[in-house]
2 protein chains.
Amino acid sequence: MNKNRKIVIIGCGAGGSTAAQFARKTDRKSKITIFEKDKYSQYSKCGLPYVISGNINQYNDLIEFSEEWYKKANIELYLNTEVNRIDFNTKIIYAKEDDTKIERPYDKLIIATGSKPVIPPIKNISKENKLIKGVFNLRTIDDAKKIEKYVKKDDKATIIGAGLIGLEMADSLYKKGMNVCVIESLPKILPKTFDEDISKSISDKITKYIKVYTGYLATEIEIKNGGINKLHIRNNLDSTNIVIDTNLLILATGTKPVLPDLNQQDLKIGKAGGIIVNNKCETFIKDVYSVGDCTEYKDFITKKPINIGLGSIVVRQAITAGINSAGGKYELLEGFLQTCTSEFFGMEIATVGPTIENLHDFSTISAKYNGRSLPEYFPGGKPITLKITINKKTREIISAQGIGDKAAQRINTIACAILNKMNIEIFRKLETAYAPPIAPTLDVTTLVCDIILMKINRNQ
Amino acid sequence: MNKNRKIVIIGCGAGGSTAAQFARKTDRKSKITIFEKDKYSQYSKCGLPYVISGNINQYNDLIEFSEEWYKKANIELYLNTEVNRIDFNTKIIYAKEDDTKIERPYDKLIIATGSKPVIPPIKNISKENKLIKGVFNLRTIDDAKKIEKYVKKDDKATIIGAGLIGLEMADSLYKKGMNVCVIESLPKILPKTFDEDISKSISDKITKYIKVYTGYLATEIEIKNGGINKLHIRNNLDSTNIVIDTNLLILATGTKPVLPDLNQQDLKIGKAGGIIVNNKCETFIKDVYSVGDCTEYKDFITKKPINIGLGSIVVRQAITAGINSAGGKYELLEGFLQTCTSEFFGMEIATVGPTIENLHDFSTISAKYNGRSLPEYFPGGKPITLKITINKKTREIISAQGIGDKAAQRINTIACAILNKMNIEIFRKLETAYAPPIAPTLDVTTLVCDIILMKINRNQ
């Protein structure tokens with residue numbers, strides 16, 4: 001490798017941009033170039049619902065690194081620039097900025113092309129390959145700006161998809177005074193992140209504020225004045241139809257990897273639909289790395305490939321690819337824990353590890369505990385529900401889900417336990433911090449273990 | 001062992017009472033008896049400052065288990081009953097309730113006699129073995145009730161000892177509108193729980209509200225009308241004297257184990273002044289257990305004996321002794337992590353592992369990170385400072401200290417890492433939960449590791 005290695009990165013989302021930063025930290029001399037097809041440098045996509053709700057003042061606040069920042073870091077950034085072709089043999093990138101063609105050789109390439117929304121097959125949803133008026137995705141600042149024009153107190157808003165983004169968006173629109181309805185085709189909300197019982201508890205709380213239809217498939221849009229006027233949904237079990245009046249429909253039906261227009265056979269796409277990478281974020285092509293939503297990597301517990309689009313994962317992959325592409329050494333752990341959190345309707349939720357549906361290869365024991373964040377005698381304690389699942393054979397903790405006070409931080413502690421393949425008997429003995437205004441002597445984190453141990457003893 | 005074993009417990013604090021509960025859970029048939037010299041059943045001593053501040057309405061709220069509760073659990077509870085003698089050979093307890101003598105044989109004995117305040121050698125502090133008027137400890141409900149009579153807006157209050165209890169009490173009295181002054185003989189506040197740099201950061205914050213003298217020894221009390229009127233303190237370095245006007249003086253100068261009146265040679269008292277117990281909470285005498293503030297046990301990292309009086313430790317020992325005394329099997333971990341938290345003057349602090357002074361046998365690397373609880377673009381983020389210390393040789397995390405938002409829960413995660421002897425390189429890769437309103441993609445918990453790793457690389 002010559003001294004001034006050329007690192008080219010496709011995509012300036014959290015993945016590409018973080019990779020660039022860590023490449024620069026690792027090697028001050030590399031020539032680093034980022035090609036981004038959008039007009040913005042790295043901004044927080046996860047922050048979009050909070051601009052709509054008014055929590056965050058303006059879209060510009062979401063931009064985490066300005067164009068100026070890249071200049072100072074000596075990272076060459078091309079916005080509005082699409083990569084058309086990659087020649088993996090000659091190691092040349094062919095891109096286009098407006099009408100200017102760019103050819104750029106690379107020593108190391110990082111593909112961070114992210115993901116794009118899945119458009120559900122609903123009658124009349126699009127016309128000439130464009131979503132019809134009043135129907136939107138929520139992936140970009142431009143999407144959010146368009147949605148905002150439809151946000152009006154007492155108007156109806158409908159969201160398809162009761163995943164994290166769908167529910168965050170529901171909360172935002174509810175805060176703006178809209179009548180919000182969420183449609184989910186699967187039988188429970190948060191189907192990919194929470195088990196049925198916890199999902200039910202969350203659902204019980206949010207349905208005080210919004211209407212939720214689970215087990216309903218959106219089938220057809222009725223159009224009036226060129227835009228959406230009604231949405232037809234059909235019950236999956238009894239096929240009954242409901243017609244919902246709505247002038248705003250947001251699609252939160254998941255994403256799929258954006259694969260650069262290239263020879264996918266060389267790159268190898270896996271079962272989860274993403275570019276396969278190893279623990280160094282290397283693809284199957286020499287000197288080509290890939291990170292973020294366009295990739296797949298294995299789950300820590302099941303070892304099966306996952307593509308789930310969590311910012312926490314994107315960033316950790318990006319650090320890995322950034323350091324390695326610049327000549328450093330860094331490896332991912334043996335899989336992702338999928339630690340994850342969100343907040344809506346005043347409720348914090350968090351999870352780590354696979355849902356029970358994804359643990360069917362394991363014999364498991366689960367327990368749930370409904371406790372409080374503070375000792376009983378101390379005023380202001382808040383409810384907290386925690387569920388832990390263990391591998392029945394090894395007694396190792398393999399997943400956990402929580403609702404309530406500081407759920408995310410409590411789940412982080414359990415994430416640390418899972419990473420260490422910690423036995424429930426040992427984890428139960430962890431000395432957690434105690435003070436009357438902060439936590440009880442035996443935290444919910446400990447007490448839920450007791451229920452698991454009781455179940456183990458009962459089984460013996 | 002006959003079927004209905006007789007378990008006798010001396011002391012109905014958190015230690016004795018929790019042991020009784022777990023003994024009862026383990027064996028429904030045991031005859032369980034508790035002797036308590038005070039007039040209250042288990043109540044939260046840690047909650048006392050919060051009754052004085054008004055956070056908690058009344059002292060009765062602190063009682064965690066009523067006399068009624070023990071009756072229902074079939075646990076015989078003697079209040080106002082002092083144990084005078086234990087015959088370890090015949091296995092008989094001799095106690096006294098008012099004028100009634102009680103003789104009670106035991107199969108298993110649990111000593112949970114707790115600790116008592118250390119009275120500093122200050123001239124005029126006591127008369128006829130009683131603290132003079134206006135000078136108080138804070139260990140019991142009766143202490144707190146007496147203190148409350150002196151709590152008056154704009155009056156002066158002085159506290160000797162800037163440990164956790166001293167500062168919690170300072171906050172309570174400040175909230176009641178008093179002018180509070182804290183005296184600490186050591187050169188820093190929280191000398192036993194925090195390193196100098198973190199102690200300094202905490203001190204910088206609290207001195208906005210109260211006066212703190214560190215490195216000053218209280219030497220003499222001036223008396224007027226039979227009570228304290230002035231306190232003399234002397235600077236340890238230059239011996240200058242300061243005289244403080246005060247009618248209320250609270251002693252928060254630590255505690256020492258209460259040892260039952262018995263043959264201490266048999267029982268074996270260790271270097272930290274407590275009854276030596278093993279990981280089953282057994283003492284050196286057959287069938288005699290001991291738990292809580294009257295014991296000592298080893299620190300997880302240094303393996304040296306500690307006696308520190310944390311509720312979280314008391315309860316974990318009590319579970320162990322309770323289960324084992326009733327015929328079950330339960331072992332403590334190979335030492336205590338000393339996870340610990342508190343909140344005063346609107347600031348949450350937490351710590352795990354020994355302070356740097358107690359790590360002199362180790363070659364260490366420490367790093368501190370001042371970050372925020374939320375991503376920069378999200379409003380409402382709060383400051384958080386986190387310090388981690390690793391063993392330079394093994395790179396295992398051995399202590400951590402934090403100030404700020406959810407410090408306790410963040411420290412719990414690090415406690416889990418320490419318990420697993422986790423290497424800083426691996427801990428840095430832990431996937432922490434991310435969502436804009438809850439935590440950044442790279443939490444302070446992760447970022448502080450980066451500084452450690454930079455220091456490691458620089459040293460190489």
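These questions and answers cover a predicted model, its chain interface, its domains and some local backbone features. Residues are numbered from 1 along each chain as its sequence is written, and chains are lettered from A in the order in which they are written. Local features need pLDDT of at least 70, side-chain atom pairs count only at pLDDT 80 or more, and totals for chains, interfaces and linings use all residues.

Me: What rotation superposes chain B on chain A?
Reply: Copies are superposed by least squares on the C-alpha atoms of residues with pLDDT of at least 70 in both. The RMSD is 0.0 Å, with 0.0 Å of shift along the axis. The two copies are thus related as by a two-fold rotation axis. The rotation is 180 degrees.

Me: Which residue of chain B has the C-alpha nearest the axis?
Reply: The C-alpha in question is 2.1 Å from the axis. The residue is B:Thr413.

Me: How many residues of chain B are in contact with chain A?
Reply: Two residues are in contact if their C-beta atoms, placed from the backbone, lie within 7 Å. On the chain A side, 54 residues take part. The count for chain B is 54 residues.

Me: Which element gives the largest share of the side of chain B that touches chain A?
Reply: Helices (H or I, at least four residues) and strands (E, at least two) are DSSP runs, numbered from the N terminus. Helix H8 (311–325), strand E24 (340–344), strand E25 (347–352) and helix H9 (407–419) of chain B each give two or more residues. The largest share is 10 residues, and it comes from H9(B).

Me: Why do the copies meet through the same surface?
Reply: By class, the chain B side has 31 nonpolar, 14 polar and nine charged residues. Here Ala, Val, Leu, Ile, Met, Phe, Trp, Tyr, Cys and Pro count as nonpolar, Asp, Glu, Lys and Arg as charged, and the others, Gly among them, as polar. The surface is the same because the share of interface residues of chain B that are also interface residues in chain A is 100%.

Me: How many residues of H9(B) are buried?
Reply: A residue is buried if 20 or more other C-beta atoms lie within 10 Å of its own, exposed if 12 or fewer, and partly exposed in between; C-beta atoms are placed from the backbone. H9(B) is mostly covered. Its buried residues number 13 of 13.

Me: Which element gives the most to the side of domain 2 of chain A that touches domain 3 of chain A?
Reply: Domain bounds come from an automatic or database domain assignment, which gives domain 2 (119–253) and domain 3 (340–459) in chain A. In the contact, 16 residues of domain 2 meet 14 residues of domain 3. Helix H5 (164–175) and helix H6 (196–206) of chain A each supply at least two residues of the domain 2 side. The most, six residues, comes from H6(A).

Me: Is A:Asn80 exposed, partly exposed or buried?
Reply: A:Asn80 lies in the loop between strand E3 (75–78) and strand E4 (81–87) of chain A. Its phi is near 50 degrees, a positive value in a residue other than glycine. With 13 C-beta neighbours inside 10 Å, A:Asn80 counts as partly exposed.

Me: Is B:Asp154 buried or exposed?
Reply: B:Asp154 is found in the loop between helix H4 (141–148) and strand E12 (156–160) of chain B. It has a positive phi of about 70 degrees although it is not a glycine. With 8 C-beta neighbours inside 10 Å, B:Asp154 counts as exposed.
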